[in-house]
Amino acid sequence: MSPLSRRDLVTRGLALGLSWSSLAALLQACGPATPRASDDPDATLGAVEPELHIYTWSDYLAPEVVRDFGERFHVRVSVDTSESNEEMVAKLAVGGGGYDVIVPSSYLLPVLTGMGALQVLKRRYLTGLGNVAPTFRDTPNDPGGRYAVPFAWGTTGIAYRSDLVAAPPTSWGVFEDPALSGRMTMMDEAREVLGAFLRYRGHSLNSSVPAELAAARADALVAKPLLKAYLSAPVKAQLVAGDVWVAQLWNGDTYQARAEQARSGAGTIAFALPTEGSQLWLDTLAIPATAAHPRAAHEFLDYCLRPEVAAANAAFNRYGSPNEAAQRLITEPIPYPSAAELARLEYLKDLGRDAATWDRIWTEVKAS
């Protein structure tokens, strides 16, 4: 992949929802594109270093996986967490934050690789790559799997309280239902909200067609006064409490909320993939170009590719595992999308020069 120009870095970063402050830091951090040792896929690394620093999403890595890796490889492991890709990018912009392993969503990979922020993976150390299901290999955002290892996958859909709504919601149109006014939330992300309404009208969630974006804006403006709030992961607690009946949410967060609710004896939180389709997302394990402990990082990625380890992580975070060999070890595995489901699921793509249009529409919706 060729390096991004400074203009492309700005437009693609805005499309991903990065702030101007983060982009300014990225532009300052990005020097001229020159070959580095970390760009050689055939390079040989030294011995496993005694330390490893991981930066990931909260409630994502099973604690026992981190502990057991440290004990097996005699490595001191530290884990920091964030709640957004923007936080992670900001860390990278100031020198990588001292991290050896990060967990970016795949749609961010073109920007990170374009700015030279990731190492090319040394496949000789990743003996478990064959465990990854074909569905999650060679994805559009990382052709050939050069920079990242698939870690978890999921979809965006509709979480709902089956005991409180009259019928299971099957369409993104539910967010325009006045009967549910004040009992619904949508995610606080432009790509999610506008993407949902694009799919509602039969369009790609990566659309740049002015008429299609105008229709998505109109739908978002119809839905907004009916919403309790724009809220992402924190809505789980409100679903459990019954303050929210219908929420746009990721499937894994929905299952986490259902598990929390079940501990109190209930089990009424369910998930629906809208008939019009939605986003298929993939979170990955990657190694920053600035990683001080690259061999330990590669060993950790390979450790997470082991079937029993991937199964432990999936059981902990309740998201789908791209590790096909782990599926039979998971008590309640999330089945891979069927051919019919894949036909109505899309990966997010960077929007390039259309980012400004999306940003303007979202600003107008939020300000209305």
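**Reading contacts, burial and helix packing**

Reply: Let us begin with contacts in this predicted model. Apart from neighbours within four places in sequence, arginine 161 is in contact with Leu239, Val240, Ala241, Gly242, Val244, Trp245, Gln261, Thr268 and Ile269. Arginine 161 belongs to strand E4, residues 148-161.

Me: Is arginine 161 buried or exposed?

Reply: Buried means under 20% relative accessible area. Arginine 161 has a relative accessibility of 8%, so this residue counts as buried. Its side chain reaches the backbone oxygen of leucine 239 at 2.7 Å.

Me: Where does glutamine 327 lie, and which backbone oxygen does its side chain reach?

Reply: Glutamine 327 is in the loop between helix H11 (307-317) and helix H12 (339-342). Its relative accessible area is 14%, so glutamine 327 is buried as well. The side chain reaches the backbone oxygen of isoleucine 334 at 3.2 Å. Leaving out neighbours within four places in sequence, the contacts of glutamine 327 are Ser321, Pro333, Ile334, Pro335 and Tyr336.

Me: How are two packed helices described?

Reply: One gives the angle between their axes and the distance between the axes. For helix H3 (residues 63-73) and H11, the axes come within 8 Å and cross at roughly 150°. Angles over 145 degrees count as roughly antiparallel, and H3 and H11 are therefore roughly antiparallel to each other.

Me: Which residues make the contact?

Reply: Pro63, Glu64 and Val65 of H3 meet Val309, Ala312, Asn313 and Phe316 of H11. The residues of this contact comprise 5 nonpolar, 1 polar and 1 charged.

Key: Residues numbered from 1 in each chain as written. Predicted model: local features only at pLDDT ≥ 70, side-chain atom pairs only at ≥ 80, totals over all residues. Heavy atoms only, no water. Helix = DSSP H or I, 4+ residues; strand = E, 2+ residues; numbered from the N terminus. Buried < 20%, exposed > 50% of the residue type's maximum accessible area, 1.4 Å probe, protein only. Contact = heavy atoms within 4.5 Å. Polar contact = N/O pair within 3.5 Å; in protein donor to acceptor, adjacent residues only side chain to side chain. Axes fitted to C-alpha atoms, helices over the stretch in contact; angles between N-to-C directions. Parallel < 35°, antiparallel > 145°, perpendicular 65-115°, else oblique. Nonpolar A, V, L, I, M, F, W, Y, C, P; charged D, E, K, R; others polar.
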